[in-house]
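Please look over the sequence and the structure shown here. The paragraphs after them go through the model part by part.

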Amino acid sequence: EKGGYDYFMLKEIAEQPKAVADTLLGRIDESGRLALDEVHIPDHVLREIDKVVIVACGTAYHAGMIAKYAIEHWTRVPCETELASEFRYRDPILDQRTLVIAISQSGETMDTLMALRHAREQGAKVLAICNTNGSTIPRESDAVLYTHAGPEVAVASTKAFLTQLVACYLVALYLGQVRGTKWGDEIDAVIRELSQISTEVEKVLATMEPVRELARSLAEKDTVLFLGRHVGFPVALEGALKLKELAYMHAEGFAAGELKHGPIALIEDDLPVVVVVPSPRGRSVLHDKIVSNIQEIRARGARTIVIAEEGDETVVPYADHLVRVPATPTLLQPLVATVPLQVFACELATARGNEVDQPRNLAKSVTVE
Ligand code: F6R
């Protein structure tokens, strides 16, 4: 049932191009318009939404963080992303014009379920993004957009994450399309790129041997740091989470702009630091900032592991290890940039003799607080 792979996690990482393609299937029509009729929230309601709040836990929360960048950019509607466990015990301000998006692979996560109940009690509309048909979270939501990752068996989420991202992009682009913003042309272009993105994920998977080799060489390390900006920041958090849960290593993700506010004190000789570099096209300011961050940490002895777009030559002099990902629109980069981090964590776990599919102390579905 592992289809020739040693672990479910390896199989599920390899299944990502298909999971992404399946989640897009039937949702973009021939003219490049999004067809999300299944969502069942009338367009006039979506036009009146004045706030989006995303609630989720763990990896799904990282997908939600990325969604915030996409939603605010393409729709100009304010969006907050919050850990479901925090949200439910606060006194959040919601009303009928708030769209709450609950993201969950299992559809059974207690904190996320409680957060959505709380939101509905206050009159907010709830859209679930979920991978499990008929589970509790979609049953209790006003609408659902299913991810089609197929069953995810390994405790650490991989393919479900990529499909959660796809679903979030679809919602963001759809909201943009329905509401009509000045980004109309960009939205059309991104939909075209999104419809081809599974091929790009495939390309990343085909080039992972050096990442595995690098992971094995770091098996004796205690700490790995991850840095990113913009959508690369949640990707850094996700890379760190994967490493904690699988390799049982101290791993932390930071927004690169925060370095000088504390984390740079952690940098010491030969400390591995993974840096997610945004495209040099698109938002070049972001790119320039992160290149200076790489220089800063390297000057203090860090061993830099740089994830950068193909053709980006500016990073070459500062990268001790360079991992290439295909060029994508800025906001879509997490779909390709996360994959090497999953492979990295999985290989480090194996090298350290850990149980990859069943990490200690963790359960696949967290139905208690
Ligand atoms: C990490 C991981 C967890 C889940 C989290 C939410 O690899 O799998 O952090 O993402 O427990 O689970 P769902 O998505 O089922 O609500």
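**Pocket, sheets and core**

The largest pocket holds about 650 Å³ of space. On a 1 Å grid over the protein atoms alone, a pocket is an open set of points with protein on both sides within 12 Å along at least five of seven lines, and a cavity is a set of points where a 1.4 Å probe fits but cannot get out; lining residues have an atom within 4 Å of a point. Grid points are joined across faces, edges and corners, and a volume is the space filled by probe spheres set on the points. This is a predicted model, in which local features need pLDDT of at least 70 and side-chain atom pairs count only at pLDDT 80 or more, while totals for chains, interfaces and linings use all residues. Residues are numbered from 1 along each chain as its sequence is written, and side-chain values use heavy atoms, with hydrogens and water left out.

The lining of the largest pocket consists of 27 residues, and Cys57, Gly58, Thr59, Lys364 and Val366 lie nearest its centre. Two or more lining residues come from each of α4, β3, α6 and α12 (232-247). Here helices (H or I, at least four residues) and strands (E, at least two) are DSSP runs, numbered from the N terminus.

Two strands pair if DSSP finds at least two bridges between them. Four bridges pair strand β4 (residues 125-130) with β5 in the parallel sense, and Ile129 has Leu145 as its bridge partner in β5.

Contact means heavy atoms within 4.5 Å.

Another open sheet of five strands has the order β7-β6-β8-β9-β10, with parallel pairing. Its edge strands are β7 (250-255) and β10 (321-325), each pairing on one side only. Strand β9 (residues 303-309) pairs with β10 in the parallel sense over five bridges, with Val323 in β10 as the bridge partner of Ile307.

Strand β8 (residues 272-276) has five of its five residues buried, where buried means under 20% relative accessible area, exposed over 50%, and partly exposed in between (1.4 Å probe, protein chains only). In a regular strand the side chains alternate between the two faces of the sheet. In β8, Pro272, Val274 and Val276 are buried on one side, and Val273 and Val275 on the other. Three bridges join β8 to strand β6 (residues 223-228), and the two run parallel; Leu225 stands opposite Val273. Five bridges join β8 to β9, also running parallel, and Pro272 stands opposite Arg303 in β9.

What is the size of the largest nonpolar core? This core has 97 residues, and those with the most contacts inside it are Val52, Ile101, Tyr169, Phe226, Leu243 and Phe344. A nonpolar core is a set of buried Ala, Val, Leu, Ile, Met, Phe, Trp, Tyr and Cys residues joined through side-chain atoms within 4.5 Å. Helix α8 (residues 159-179) gives the most to this core, with 14 residues. Apart from this core lies another of 20 residues, among them Ile290, Ile294, Ala302 and Ala308. Not counting residues up to four places away in sequence, Ile101 touches Val52, Val53, Ile54, Val55, Ile71, Leu127, Ile129 and Val171.

There are two cavities of 30 Å³ or more. The largest cavity has a volume of about 70 Å³, and its lining includes Leu36, Leu99, Leu127 and Val171. Helix α8 gives the most to this lining, with three residues.
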